[in-house]
Amino acid sequence: MQLIPSRPAGEVMRALSAGQPCVFANPLKVPDALANSRLSLADIEAAEGRLRRFAPLLQAVFPELEETGGIIESPLLPGDALASYVGLQLEQLWIKADSALPVAGSVKARGGVYEVLAFAEKIAREAGLLTEGDYRSLGSREARDCFSGHTVVVGSTGNLGFSIGLTARALGLGAEVHMSSEAKAWKKARLRKVGATVVEHEGDYRSAVAEARRIAEADPKRYFVDDEHSETLFIGYATAALRLKEQFAQAGIVPTEEAPVVVFLPCGVGGAPGGITFGLKAVFGEAVKTVLVQPVEAPCFLLRALRPDEPDITVYDIGRTNRTVADGMAVPCVSDLVFQLVGKAVDGFVSVSDPAMLDWVNRTWRDMELRLEPSGAAGFAALERVLPEMERPARARFVVWTTGGAMLPDDEFEPLLTTSLSSAGTGGAR
Ligand SMILES: Cc1ncc(COP(=O)(O)O)c(C=O)c1O
């Protein structure tokens, strides 16, 4: 059974070019797409091992991790309060609330924190600081002095830079965060407060990343976290699948091909949703389906699925603006690395308008007190659009990944609630 409808490529391209919301099955999909991948479940398990080794140190540097012993994880919440909006029954809708992920409040922290830890481990090992295997010792004066000679550099629309800056500074590493024009003032202010250098760029995400890469390449003491090309980030995101497996078990959810779980993942450059897709397919196979969601003005992964042989194709090439209220997803060109790793594994695609995302920011707040940024609410807008078109088994369940927002200050969040929905944003027709 095909859950999501296939559509002729020409029809989809016309809709994307016109900035209209669309829904389509991945035309590149093949079963068992990960079979020949150079990455595997063993890589994800190794990453999970590294996160566990670092947990005592994280617990020591981030007081909010006291209760979880240094493990950074978000809850899987029942979505019953919202199910009726989309015509689902009780227990069919679930929310994976990375919007409330401790430390940095977004899905990007899964990769960002992980890559900073991997880098810190490498430096510590080379400096002979890890002889006893006790990672708490990496909080010592000697270790922090060693870390302070290195700077982590990153380019970001906001949330990746935020998580990397906070983690690097907590360990005593330098942090230089290059922010694209979308990045919010409060994230920059908070980074500066912890001693990170914030470099503001007038241009889009791609130009901020390119500039950060150029600066870092010229200096051996700078380490560049490459949101477009990093396998380390990708594997960091993928660890979410192992955590979700435990949470599914606790909730009594057993994904099978007859009772699949369909997961909605907001997508920008592709790293976070791609890594999570990789993890979910590695852990659950085809019992879990993934649907990537992008704004109508920045549908870069959707576009690449229609033009697989054009790695440099951008949303500007089809007349879209890359301007959207969903700042985390304002990315003009998808990561080629991610596309190569999961382009044939993803099940479906949806593009959504700015007003639709804002509608869900309002509903989730009103009905569940779930504070979401527009990117974080995109999965709901996609679910609402897909369900009427879906051929779905009665026992299917749906997980909306809310990818960011709990840390939004009131003065950023409240205007989203009062925005008139009919005129909100720049994202085209609903
Ligand atoms: C809140 C939020 N959701 C989703 C994404 C998309 O992640 P990616 O750019 O890795 O596709 C981002 C990216 O910054 C984000 O900040």
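The second largest cavity holds about 120 Å³ of space. A cavity here is a set of points on a 1 Å grid over the protein atoms alone where a 1.4 Å probe fits but cannot get out. Its volume is the space filled by probe spheres set on the points, which are joined across faces, edges and corners. The model is predicted: local features need pLDDT of at least 70, side-chain atom pairs count only at pLDDT 80 or more, and totals for chains, interfaces and linings use all residues. Residues are numbered from 1 along each chain as its sequence is written, and side-chain values use heavy atoms, with hydrogens and water left out.

Which residues line the second largest cavity? Among them are Leu51, Leu58, Ile71, Ala109, Arg110 and Arg243. Lining residues have an atom within 4 Å of a point. By class, seven are nonpolar, two polar and two charged. Asp, Glu, Lys and Arg count as charged; Ala, Val, Leu, Ile, Met, Phe, Trp, Tyr, Cys and Pro as nonpolar; the others, Gly among them, as polar. Helix 2 (41–61) and helix 4 (108–126) each supply at least two lining residues. Helix 4 gives the largest share, three residues. Helices are DSSP runs (H or I, at least four residues), numbered from the N terminus.

Where does this cavity lie? Domain 1 (9–56 + 66–102 + 233–418) and domain 2 (108–227) both give residues to its lining, so the cavity lies between them. The domain bounds come from an automatic or database domain assignment.

Now take the largest cavity. About 240 Å³ of space lies in it. Its lining has 23 residues, and Val107, Lys108, Gly268, Gly328 and Met329 lie nearest the centre. Helix 6 (159–171) and helix 11 (271–284) are the elements that give two or more residues to this lining. Each of domain 1 and domain 2 provides at least three residues of the lining.

Next, the two domains themselves. Their C-alpha centres lie 25 Å apart. The contact (heavy atoms within 4.5 Å) takes 35 residues from domain 1 and 29 residues from domain 2. About 2,900 Å² is buried between the domains, and carbon and sulfur atoms give 61% of that. Buried area is the accessible area (1.4 Å probe) that two parts lose on being put together, summed over both. In domain 1, Phe54, Leu233 and Asp327 lose the most area to domain 2.

How many salt bridges does the rule find across the interface of domain 1 and domain 2? It finds five. A salt bridge is a side-chain nitrogen of Lys or Arg within 4 Å of a carboxyl oxygen of Asp or Glu.

Methods:
On a 1 Å grid over the protein atoms alone, a cavity is a set of points where a 1.4 Å probe fits but cannot get out, and a pocket is an open set with protein on both sides within 12 Å along at least five of seven lines; lining residues have an atom within 4 Å of a point.
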